[in-house]
Amino acid sequence: MAQAPRSGGAIVNGAFAVHAAELAEGITALGIDAAPEFHARLLAFGELLLKWNRVYNLTAIRDPREIVTHHLLDSLAVLPWASRLRTLVDVGSGAGLPGILLALACPSLMVYSVEAVGKKASFQQQAKIELRLDNFTIINRRAETVCAADFPGGGVEGVISRAFSGLADFVRLSGHWAKDGGALYAMKGALPQAEIAALPDGWQLEATHLLTVPGLGAERCLLVLRRE
């Protein structure tokens, strides 16, 4: 893994402090009942992401306000569905989005992050340490090399992706990780009709949930896929 930038711990009084009120309003608009500590840890994650982005290209979004809307609130918009699960894999998680945010919001949810890029996996490891995320595990491998047996219990209840791949590749790479009765959750922008029509045999679109992300004027949806 890549070497981490030197850090003295989570910071909550830097560039993100001026966006604390906007973040809090967004969390309330999403219907999330969160303690002040949760807000502080989200801000600390944002600060850490900004810090690492000065050294490594973790995300193209570098403006603190856009990180609040495009990353933090966007990731938390799927919490109503993720919070129903006990185990979840975030595949191709990049900077840990949405996995780290969901692990922060739902301590009872065990989140596994599959990320092949060393510098991104290293960032996630640093975030795990600084944010004290005991329910978050990083798997620094290509998705093709991961099998259901790599997860406790031989599989998980859900697999989520955010801008990772098309639906067909999502199913092909990670569908076998889901236990019987489990589902794949694809975070998308506009409804991808062509991708839905090209779903592999044996899989179907169970539900489409339109998402409203506070402060983000763009289409968002969550697709739930299950075996037929």
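Predicted model: local features only at pLDDT ≥ 70, side-chain atom pairs only at ≥ 80, totals over all residues.
Q: How do you know that the span of helix α3 agrees with its 13 residues?
A: Helix α3 covers residues 64-76, and at 1.5 Å a residue it should span 18 Å. The C-alpha atoms at its ends are 17 Å apart, which agrees with that expectation.

Q: Why is α3 called largely enclosed by the rest of the structure?
A: Buried means under 20% relative accessible area. Of the 13 residues of α3, 10 are buried, so the helix is largely enclosed by the rest of the structure. Among the buried residues are P64, I67, V68, H71 and L76.

Q: Which strands does α3 lie across, and at what angle does it run to β4?
A: Helix α3 lies across β4 (156-162), β5 (178-188) and β7 (220-227). Its direction is at about 155 degrees to that of β4.

Q: What makes β3 and β6 the edge strands?
A: The open sheet has seven strands in the order β3-β2-β1-β4-β5-β7-β6, with mixed pairing. Strands β3 (136-139) and β6 each pair on one side only, and they are the edge strands. From one strand to the next, the twist averages 20 degrees.

Q: How do you know that strand β2 pairs with β3?
A: Two strands pair if there are at least two bridges between them. In one of the bridges, V114 has I139 of β3 as its partner.

Q: Why is T208 called partly exposed?
A: The relative accessible area of T208 is 35%. Buried requires under 20% and exposed requires over 50%, so T208 falls in between and counts as partly exposed. Its place is in strand β6 (residues 203-211). T208 touches L191, L222 and L223, apart from residues up to four places away in sequence.

Q: Why does S165 count as buried?
A: S165 has 19% relative accessibility, and because the cut-off is under 20%, S165 counts as buried. S165 is placed in the loop between β4 and α7.

Q: What makes the pair of S165 and F170 a polar contact?
A: A polar atom of the S165 side chain lies 3.3 Å from the backbone nitrogen of F170. The cut-off is 3.5 Å, so the pair qualifies. S165 also touches K188.

Q: Which strands does helix α7 lie across?
A: Helix α7 (residues 167-174) lies across β1 (87-91), β4, β5, β6 and β7, running at about 145 degrees to β5.

Q: What makes α2 mostly covered?
A: In α2, 14 of its 18 residues are buried. This helix comprises residues 36-53 and reaches 26 Å from first to last C-alpha, close to the 26 Å expected at 1.5 Å a residue.

Terms used:
Residues numbered from 1 in each chain as written. Heavy atoms only, no water. Helix = DSSP H or I, 4+ residues; strand = E, 2+ residues; numbered from the N terminus. Buried < 20%, exposed > 50% of the residue type's maximum accessible area, 1.4 Å probe, protein only. Contact = heavy atoms within 4.5 Å. Expected span 1.5 Å × (residues − 1). Axes fitted to C-alpha atoms, helices over the stretch in contact; angles between N-to-C directions. Polar contact = N/O pair within 3.5 Å; in protein donor to acceptor, adjacent residues only side chain to side chain.
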